[in-house]
Amino acid sequence: MIDRDFFARSVHAVAAELIGASFFVDGVGGKIVELEAYHHEDPAAHGYGGRTMRNASMFGPPGYAYVYRSYGIHWCVNFVCEAEDVADAVLIRALEPTHGLDVMGRRRGLDDERRLCAGPGRLCQALGITNEHDGLPLDRPPFRLEERTVEPELVRGPRIGITRATDLPWRYGLAGSRYLSRALRPA
């Protein structure tokens with residue numbers, strides 16, 4: 001099991017080591033295959049402009065969930081890193097679904113395993129993550145994080161879906177995974 005202490009370090013160290021780890025919400029989930037890092041000095045990070053009601057969890061202690069609504073439509077889940085009052089987090093972009101595929105399929109209204117958790121909004125819908133999960137500790141139910149069992153081959157490239165700091169290679173993925181939200185070409 002991954003505990004909160006795991007997250008009390010650089011967002012990049014956490015990001016690299018989360019690829020291949022497993023993430024579950026009430027027993028539904030799978031292997032993390034894609035995520036993006038956001039640092040407090042990064043103009044694309046939600047915490048860059050300071051604390052607001054929306055991003056308050058991002059300024060909380062490491063090892064907690066920061067859940068926000070994207071474009072007023074989709075929930076997205078981040079794992080808070082570094083230290084309290086430092087708004088660093090990793091956005092979980094995609095999972096390889098391994099547990100609860102039937103539940104995910106019902107929630108998403110489809111049976112295409114590859115698309116169940118390919119993208120942060122799809123992932124949250126499949127896992128049932130909403131604003132109710134914002135600010136919850138990642139090492140307690142309903143969450144469960146398990147360490148990876150093998151060291152994966154990583155690939156890094158620019159983040160997607162943002163308009164600032166688009167050149168930074170802070171998108172991390174599992175090389176060759178068919179479950180990525182979009183193809184990831186090295187920077």
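Two strands count as paired here if DSSP finds at least two bridges between them. Keep that in mind for the opening stops. The model on screen is predicted.

**Stop 1**

Select residues 88-99. This is strand β5, and the strand is mostly covered: nine of its 12 residues are buried.

β2 and β5 run antiparallel to each other, paired over nine bridges.

Which residues stand opposite V90? A37 stands opposite V90. F79 stands opposite V90 as well.

Follow the chain from β4 into β5. The two strands form a hairpin, with six residues between them. Stop at E82 in the turn, where phi is positive, about 75°.

**Stop 2**

Select E36. Its place is in strand β2. Is E36 buried or exposed? E36 counts as buried, because its relative accessibility is 0%, and the cut-off for buried is under 20%.

Show the side chain of Y38 too. The side chains of E36 and Y38 make a polar contact at 2.6 Å.

Then display the residues around E36. Leaving out residues up to four places away in sequence, E36 touches A89, V90, L91 and R93, along with R159, I160, W170 and R171.

**Stop 3: salt bridges**

Side chains of opposite charge can pair when their charged atoms come close. This structure has 10 salt bridges by the rule used here.

Start with E34 and R93. Their side chains meet in a salt bridge, 2.9 Å from N to O. E34 lies in β2 and R93 in β5, so the pair ties together parts that are 59 residues apart in sequence. Both E34 and R93 are buried.

Move to R144 and E146. The closest N and O atoms of this salt bridge are 2.8 Å apart. R144 is partly exposed, at 30% relative accessible area. E146 is partly exposed too, at 28%.

Now pick E151 and R148. Their side chains form a salt bridge at 4.0 Å, N to O. E151 counts as exposed, with 69% relative accessibility. R148 counts as partly exposed, with 22%.

To finish this stop, select E34, E36, R93 and R171 together. Salt bridges with shared partners join these four into one network. E36, from the previous stop, belongs to that network.

**Stop 4: helix α1**

Select residues 11-18. This is helix α1, and its buried residues are V11, V14, A15 and L18. Turn the view to look down the helix axis. The buried residues of α1 fall within an arc of 100°, so they line one face of the helix.

What covers the buried residues of α1? The cover includes β2, β4, β5 and β8 (171-174).

At the N-terminal end, S10 is the cap: a side-chain oxygen of S10 lies 3.1 Å from the backbone nitrogen of H12. After α1 comes G20, with a positive phi near 95°.

**Stop 5: L138 in its loop**

Select L138. The residue is found in the loop between α3 (120-127) and β6 (143-146). L138 is buried, with a relative accessible area of 1%.

Draw a distance from the C-alpha of L138 to the C-alpha of V80. The two atoms are separated by 9.3 Å, while the residues are 58 apart along the chain.

Which residues does L138 touch, not counting residues up to four places away in sequence? They are F7, G63, Y64, A65, F79, F143, R144 and L145. Two of these names have come up before. F79 stands opposite V90 in β5, and R144 forms the salt bridge with E146.

**Stop 6: the cysteines**

How many disulfides does the structure hold? It holds zero.

Look at C81. C81 is in no disulfide, and the nearest cysteine sulfur, that of C124, is 16 Å away. C81 counts as buried, at 0% relative accessibility.

Go on to C124. C124 is in no disulfide either; its nearest cysteine sulfur is that of C76, 5.9 Å away. The cut-off for a disulfide is 2.5 Å between sulfur atoms. C124 also counts as buried, at 1% relative accessibility.

Terms used
Residues are numbered from 1 along each chain as its sequence is written. This is a predicted model: local features need pLDDT of at least 70, side-chain atom pairs count only at pLDDT 80 or more; totals for chains, interfaces and linings use all residues. Side-chain values use heavy atoms; hydrogens and water are left out. Buried means under 20% relative accessible area, exposed over 50%, partly exposed in between (1.4 Å probe, protein chains only). Helices (H or I, at least four residues) and strands (E, at least two) are DSSP runs, numbered from the N terminus. Contact means heavy atoms within 4.5 Å. The arc is that of the directions from the helix axis to the C-beta atoms. A polar contact is a pair of N or O atoms within 3.5 Å; within protein, one must be able to donate a hydrogen and the other to accept it, and residues adjacent in sequence count only if both atoms are side-chain atoms.
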